[in-house]
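User: Please take a close look at one part of this model, a sheet. Set it in its chain first, then go through its strands.

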Amino acid sequence: MSTAGGIIRALNSGVKHLAVKRFTLRYPEQKLKFVGDGFQFDPQTGVGIAGLKGRHILFHDKCTGCQLCSVACEGIAEAIGMVKVKETWKHNKKAIMPQIDYGKCVFCGLCVDACPFYALYMTNDYELSSFTKSALIYTPSQLAVKPNISQDVEIKIGKRGATHG
Amino acid sequence: MATQLPPGIELEKVDDRIMTLNVGPQHPGSGHMRLIIKVDGDYIVSCDPDPGYVHRGEEKMAEYRNYIQNIPHLERPVIHDSCNILYPYCLAVEDLLGIEVPERAKYIRVIGSELNRCTYILYWLAIYGIFLGHSTMFMWPVGDRELFIDLLEAMSGARVTHAYFVPGGVRNDLPANFEERCLRQVDYFEKRLKEYEDIFYQNPVLKQRTEGTGILSRMDAIRLGTTGSVLRASGVDFDVRKKEPYDVYDNLDFETQVLREGDSYARSRVPYLEMFESCRIIKDALKKMPKSGSVRTKLKPNPKGGNDEVYRRVESGRGSLGYHIISNNRPEPYRVKISVGSFRNLICIPYLLKGEKLGNMPAVYWSLNYWPVEADR
């Protein structure tokens, strides 16, 4: 192929893209849709349930304060510390629950794998930025809140290329 | 001015003709490493690569953590190829602990590893494009990489650093409708990949810059111990997936892509051709995968390896990647040695750049598929 012919073919292949739909996700207006309600784990079968590894959710009525999540995190990120809570539960005599520092967390989800009581899961919430470092430390009561998020866009593939809706 | 120097200190003699250039570690064209290049006019007289700026002691860190806690930090060296860097670790630990992996998990691991290989190659291709001044080739692969990141996110729950493979299988089963979604996106990607041919690989401007530069002969490639796409671009048919098939690669239908030229063009083209093979493997694996079944063998808490040592390797995006693990009856490994493709390819840089023009340095250096963070570990 001649040099000019090659350059014209390259240009032509670029020009064709004028008719292709925009692929970029327009992030703050659009948000990607994820499968499920976040990463979960079933200790009986030893297999997880697919989902995004985002912020954790802690179920106070199930947490026994066994510290297994904190032990699992020890060699990984050391993000989980056990703190005293004011609530009184029959199954949690020591009244301690995990507190997670998202400045350190690497979102590997191995703490969820370690929990034998279905008390710690992960959610689809990934927007955790804050203006101070201390606001990144989530107390047990903050972790108990179910995130309210709307995520609706996914990749669509049509005749004019792939697009984010 | 005092010309008397203290005893024992000498000034470096500066040649009138030869100039020393430091490319990196702050230079954007070198990654986290330094190339000490001596130039005579426009021609490179010698080149001395100086890695080690991002050494993080992954091997030492692995000695203080148990076999499960090692997973998140071992994938840090190559965060966008994290399935492939964990793969040999999982295979080695399975051999140490004597764990059987369920059939479905083996197929899922192959799919995850091939998706991740495409993600890595696209990222590398984007960098290669931008350093040759082809900014469209930066935008297209980075955009198309999103298709694979989307699939891996549905699979493992994270866009990069998936922490998905574990000794004994994978952490969770595939989500519902994953097969259809994967087939649809991989089919579309193959169509897109053919468009790269016209705009990049058959582009005369790229060919003039890369053809005939940095030639590595077949014998040199073997003698220097190179691996991966560098070795295959020099005409050596070696792929760990074919020669020492692990998991289910021996049941799957694919070919090794080999080119004979050994120049920068061939080295940049081999990973591109491999992406077609990866798509073929993914489609084949989705067809042959058992539709249901367990995906993870349950481990004892804090499993202990016996007095044993084991070496396993896989084919990563940058060549063969091996783990040598020694255990001594404790929950932590005694020694973990990671042998990575990047570091093995680093040795060809002085040979390839000698006598080249300085302007060809990025074209040759980036064609090696070199990832500094992985090489330093």
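Analyst: In chain B, 71% of the contacts with a separation of 6 or more join residues 24 or more positions apart. Two residues count as in contact if their C-beta atoms, placed from the backbone, lie within 7 Å. This is a predicted model: local features need pLDDT of at least 70, side-chain atom pairs count only at pLDDT 80 or more, and totals for chains, interfaces and linings use all residues. Residues are numbered from 1 along each chain as its sequence is written, with chains lettered from A and ligands numbered from 1 in the order in which they are written.

Of the 377 residues in chain B, 51% are buried (20 or more other C-beta atoms within 10 Å of the residue's own, again placed from the backbone). Chain B has 15 helices and 8 strands. These are DSSP runs, numbered from the N terminus: helices are H or I with at least four residues, strands E with at least two.

Now the sheet. Three strands of chain B form an open sheet, ordered β1-β2-β3, with antiparallel pairing. Two strands pair if DSSP finds at least two bridges between them. β1 (18–23) and β3 (43–50) of chain B are the edges; each has a single partner strand, so one side of each lacks a neighbour in the sheet. Neighbouring strands of this sheet are turned by 20° against each other on average, direction ignored. The axes behind that angle are lines fitted to C-alpha atoms.

Take one pairing. β1(B) meets β2 (residues 34–40) of chain B in the antiparallel sense, over 6 bridges. B:I18 has B:D40 in β2(B) as its bridge partner.

Key
Axes fitted to C-alpha atoms, helices over the stretch in contact; angles between N-to-C directions. Buried ≥ 20, exposed ≤ 12 C-beta atoms within 10 Å, placed from the backbone.
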